[in-house]
Amino acid sequence: MSLRLVIATLLILLAAPAAAQSDPAAVAQSFAAYKQALIDGDGAKASALTSSDTHAFLKQTLDRALTMEADEVQALPLLDQISVLMLRHNMKAEQLREMKDGDPVAYAVNQRAFDMNEVEKLEAEGFTINGDDAQAPISNLKGSPIPVNVHFKEEQGTWRFDLLSSIAPFRAVFDAQAGMLSALKSKDGSNGAVPLIIHLITGRAPDPNIWNPPG
């Protein structure tokens, strides 16, 4: 085999995976598989289709929920404060530890910690790809005041759900309103906006001690 033919063959082999990864249909297939895993309560499948930095973010948030003192939580960006306090609001300390020590995504999906009816309604069409990022508008997202795109990230030849990119618009909204919201104070001087937001989301008033780590 000539050197020219060897080089041509290598170029074809190297180009083939990139062509497959750039196919929007492959991303749509991952979205459909991820959605079905949530519907089926298949934690292992959902976890395998979740990006590595999403796993890391969830582990970090669980660690914060278990350990952070009030002043540390209130120093976080608003969306992170909400994420930490929502975990404390919805789960007992032993559940938080079990979730953190295992696979947070698999745990949440196996426990069906989401509204099944709302998940079934979610649709995403028209994925566009830029490098290892793919996104598409998500429709039928209940309660969202702003348009949201669902993001997937290509890792090791598989398109995986990218939570951090998907929630970036919400982070931007909260960051833009941080000054105004931080002015709302509870009687003890803590941020009053975050407990109010949690109350509105869940329909339940959080415990006044929610700023402190669980026992």
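1. Aromatic cluster. In this predicted model, F31, Y34, F127, F152 and F161 form one aromatic cluster. A search of the whole structure turns up 6 aromatic pairs. One of them joins F31 and F127. The geometry of that pair is tilted, with 6.3 Å from centre to centre and 55 degrees between the planes. F31 sits in helix α2 (residues 24-40), while F127 sits in the loop between β1 (123-124) and β2 (128-130). The two are 96 residues apart, so the pair links distant parts of the chain.

2. The F152–F161 pair. This pair is edge-to-face. The centres are 6.0 Å apart, and the planes make an angle of 65 degrees. An angle over 60 degrees is what places a pair in that class. F152 is buried at 1% relative accessibility. F161 is buried at 15%.

3. S30 lies in helix α2. The relative accessible area of S30 is 10%, so this residue counts as buried. What does S30 touch, once neighbours within four places in sequence are left aside? The contacts are L49, F152 and W159. One of these, F152, is a member of the aromatic cluster.

4. L49. This residue lies in the loop between α3 (43-48) and α4. L49 is buried, at 8% relative accessibility. Leaving aside neighbours within four places in sequence, L49 is in contact with S30, A33, Y34, T158, W159, R160 and F161. Y34 and F161 belong to the aromatic cluster.

5. Helix α6. This helix covers residues 78-90, 13 residues in total. From first C-alpha to last, α6 reaches 18 Å, close to the 18 Å expected at 1.5 Å a residue. How many residues of α6 are buried? The count is 11 of the 13, so α6 is largely enclosed by the rest of the structure. The buried set is L78, L79, D80, Q81, I82, V84, L85, M86, L87, R88 and H89. Note that D80, R88 and H89 are in that set.

6. Helix α4. Residues 52-67 make up α4. The 16 residues should span 22 Å at 1.5 Å a residue, and the end C-alpha atoms are 23 Å apart, which agrees. The buried residues of α4 are T54, H55, F57, T61, L62, R64, A65 and L66.

7. α4 against α6. The axes of α4 and α6 come within 9 Å and cross at roughly 65 degrees. That makes the two helices roughly perpendicular. The crossing is right-handed. On the α4 side, the contact is made by F57, T61, L62, R64, A65 and T67. On the α6 side, the residues are D80, S83, V84, L87 and R88.

8. α4 against α7. Helix α7 spans residues 93-101. The axes of α4 and α7 are 10 Å apart, and the packing angle is about 150 degrees. The two helices are therefore roughly antiparallel. This crossing is left-handed. K59, L62, D63, A65 and L66 of α4 meet A93, L96, R97, M99, K100 and D101 of α7. L62 and A65 of α4 also take part in the contact with α6.

9. F174. This residue belongs to helix α11 (residues 168-176). F174 is buried, with a relative accessible area of 18%. The C-alpha atoms of F174 and P77 are 8.1 Å apart, although 97 residues separate them along the chain.

10. Whole chain. How many helices and strands does the protein chain have? There are 13 helices and 5 strands. Of the 215 residues, 39% count as buried. Among contacts between residues at least 6 apart in sequence, 59% join residues at least 24 apart. The F31–F127 pair, at 96 residues apart, is one link between distant parts of the chain.

Technical notes:
Residues numbered from 1 in each chain as written. Predicted model: local features only at pLDDT ≥ 70, side-chain atom pairs only at ≥ 80, totals over all residues. Heavy atoms only, no water. Helix = DSSP H or I, 4+ residues; strand = E, 2+ residues; numbered from the N terminus. Expected span 1.5 Å × (residues − 1). Buried < 20%, exposed > 50% of the residue type's maximum accessible area, 1.4 Å probe, protein only. Phe/Tyr/Trp six-rings, centres within 6.5 Å; stacked < 30°, edge-to-face > 60°. Axes fitted to C-alpha atoms, helices over the stretch in contact; angles between N-to-C directions. Parallel < 35°, antiparallel > 145°, perpendicular 65-115°, else oblique. Left-handed = near helix turned anticlockwise from the far one by under 90°. Contact = heavy atoms within 4.5 Å.
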